[in-house]
Amino acid sequence: QARGAPPYLAGLNPEQRLAVETTEGPVLVLAGAGTGKTRVLTSRIAHILSLGKAWPSQILAVTFTNKAAREMKERIGVLVGGAVEGMPWLGTFHSIGVKLLRRHAELVGLKSDFTILDTDDVVRLIKQIIQAEGLDDKRWPAKQFALMIDGWKNKGLGPSEIPEGDARAFANGKGRELYTAYQNRLKTLNACDFGDLLCHPIRMFRAYPDVLKEYHAKFRYILVDEYQDTNTAQYMWLRLIAQGSKNVCCVGDDDQSIYGWRGAEVDNILRFEKDFPGAVVIRLERNYRSTAHILGTASFLISHNEGRLGKTLFTDAANPEDAKVNVHAAWDSEEEARAVGEEIEQAQRRGHNLNDMAILVRASFQMREFEDRFVTLGLNYRVVGGPRFYERLEIRDALAYFRVVAQGADDLALERIINTPKRGLGEAAIRQVHDYARARDISMLDAATDLIETEELKPKPRSALREVVENFRRWQSQIESTPHTELAEKILDESGYTAMWQADRSAEAPGRLENLKELIRSMEEYESLRSFLEHVALVMDAEQNENLDAVNIMTLHSAKGLEFETVFLPGWEEGLFPHQRSLDEGGRSGLEEERRLAYVGLTRAKKNLHIWFVSNRRIHGLWQSTIPSRFLEELPEAHVEVVSTGDSYGGYGGRGGYGQSRFDRADPFENSYSTPGWQRAQQHRSDATRNNWGSRSGARVERIGYGETDSGHGAGRG
Ligand code: ATP
Ligand code: MG
């Protein structure tokens, strides 16, 4: 390291340093996880500022999340000694887009105080437009069209630019017309949607070269993190702006492209070299984040993908004290949560901070089990990048139904769902019920019960309200006679709530349905609806504080770019991870994106990495035997240890025979249920490990040291 180099350069390796010091001209840093790409960007900004090459306001820096933007700002401050006076153009593509649009709204037909519509607003608006065209909005759902528009905007396509086939695909060929009507309507409302935050600036730059020139002069340096997940519109936007100074530096990792389902185009990496001739391409190969075991595991897993640009990664020589990657098996998800909780408590006792630990799940419904467990244990946790399980919209709705059934006087709960799903109870009708209840000091449900017998309400809302009242009265009468989980399911079905999400075509709907199933499942652990609701009230009360030392729970998608000392990856089972939807799609691309997601998960860990799979998941109250994730088979023997205690137990069959044979046999732990839960978990773990994962192929079995064959029956230990 050069003597006298400023501190932000001194610690960098030669390739990183090249990436930082090559400030002029296009630079592409293509490198694996944990190689310091984000650090390069931060140092690069510090370098530019320190050399006085640009003011903070002349640097355009794009991060993937707002949180990442805040962190980057902080770190730059540290590197240059706190002298950074803001960085107004450091943010996500969307936040930068808003800023541009507010300045030039009039150029795209808006006023500068335009509003940004959320998804609900957008769907409502589209529905109006579909109806105004005299189309049947049941046959041509607004949600579906909203998705189509979003897809077009991700590609930067306006109404006149969409392919003819696309235009024909909706509403008997009226796709283009509707899209045009939608854009016009937005203009009238002085509003735009998320896609417009990118598309409007693109259109503006093309139509007003003078304005574009202004920004060419302004942005001396342009930087983009997580470049592999940019979509076409973002790329077009970037290319327009970067044609000015051409001092553009993008960093990314094709193996971490995990937003293909949202329109991200990993090909943008290849386009970069074409569109920016003479680009310096820098590869970083040294990983600073993870131990050799973790890195070896992640690299081996991702090598199973075919569509890769390919790269090598190395880290410091393995330290004999480093733990191998641990693969654990549990009987079911409850045990998984219990065992992870135990593991965390042990680490805490050894002096580890909760902040340094993360649980990364594939699907958000998996969080419930952990949250419940942590509340029971009194372990602090935070859910990053989303609401906690019981705070999710669909869960709150469902709970509101249950509360009204269990506690008839719960007006807040009733108000929440009285018109969800939509049943024609407008504000006026609800107000009438409200006023009637106030005047007589009775609950809204009682008020509604009275009101439907009078002439006070208009016929339509009255019959809607009658149905609501009759439903709730019926459910209430069943509270003693019907098992509470069954009743809960009935409530969601008979109220039309489940159907509402089944009919919903948005990207979130399947996840919401999964969450509802998980909610019902979670109730099984309680005696009654009431005791369950009490439990939920306690969970909701648990503090969620940024400054608290707390375990991090989040989805794999929101873990991008982050790192933790210890990482838990639960639920590595076929159908959950890789997710069923990617398997249903067939083809390679969905599965490869899942594998990249696994790679992202593995590479978040610095020191300790624990992967879990369970033998059984209860779905809809039914036991379903599961098949261990194929990704487990793609982990390298040398770096992985299957954690097991307990004695040997004869193994059996590979993947095909697994489910059946597991249950054909008498439960080997039939008699062990008197042992404490944790011991039982250990036993189950050893059992499941040996029987499921370890036996799926000869080589793998060998690898983890249980000499079973892959005969389908299992020859026991070799
Ligand atoms: P990802 O692909 O996951 O986003 P990344 O390539 O952006 O990873 P960083 O987050 O920048 O990697 O760096 C990973 C870790 O390695 C960080 O803790 C960072 O501080 C550290 N690191 C990076 N470069 C160096 C270096 N030259 N010396 C010491 N530590 C480094
Ligand atoms: Mg990064």
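UniProt positions are given here in the numbering used for this chain, feature names are shortened, and annotations may be inferred rather than shown by experiment. Under that convention, the unreviewed UniProt entry places the feature "binding site" at Ala31, Gly32, Ala33, Gly34, Thr35, Gly36, Lys37 and Thr38. The model is predicted, so that local features need pLDDT of at least 70 and side-chain atom pairs count only at pLDDT 80 or more, while totals for chains, interfaces and linings use all residues. Residues are numbered from 1 along each chain as its sequence is written, and chains are lettered from A and ligands numbered from 1 in the order in which they are written.

The chain has 31 helices and 16 strands; helices (H or I, at least four residues) and strands (E, at least two) are DSSP runs, numbered from the N terminus. Of its 718 residues, 45% are buried. A residue is buried if 20 or more other C-beta atoms lie within 10 Å of its own, exposed if 12 or fewer, and partly exposed in between, with C-beta atoms placed from the backbone. Among contacts with a separation of 6 or more, 77% join residues 24 or more positions apart, a contact being a pair of residues whose C-beta atoms, placed from the backbone, lie within 7 Å.

Alanine 31 lies in the loop between β1 (27-30) and α3 (37-50), and counts as buried because it has 25 C-beta neighbours inside 10 Å. Leaving aside residues up to four places away in sequence, alanine 31 touches Lys37, Asp253, Arg283, Leu284 and Lys311. Glycine 34 is in the loop between β1 and α3 and is buried because 25 other C-beta atoms lie within 10 Å. With residues up to four places away again not counted, the contacts of glycine 34 are Asn287, Tyr288, Arg289, Ser290 and Thr603.

Around ligand 1 there are 19 residues, of which Gly36, Lys37, Thr38, Arg39 and Tyr288 come nearest; a residue is near a molecule if its C-beta atom, placed from the backbone, lies within 6 Å of it. Helix α3 supplies the largest share of this shell, three residues. By type, the shell divides into four nonpolar, 10 polar and five charged residues, where Ala, Val, Leu, Ile, Met, Phe, Trp, Tyr, Cys and Pro count as nonpolar, Asp, Glu, Lys and Arg as charged, and the others, Gly among them, as polar.

Helix α16 (residues 367-377) is mostly covered, with eight of its 11 residues buried, including Met367, Phe370 and Phe374.

Definitions and conventions:
Contact = placed C-beta atoms within 7 Å.
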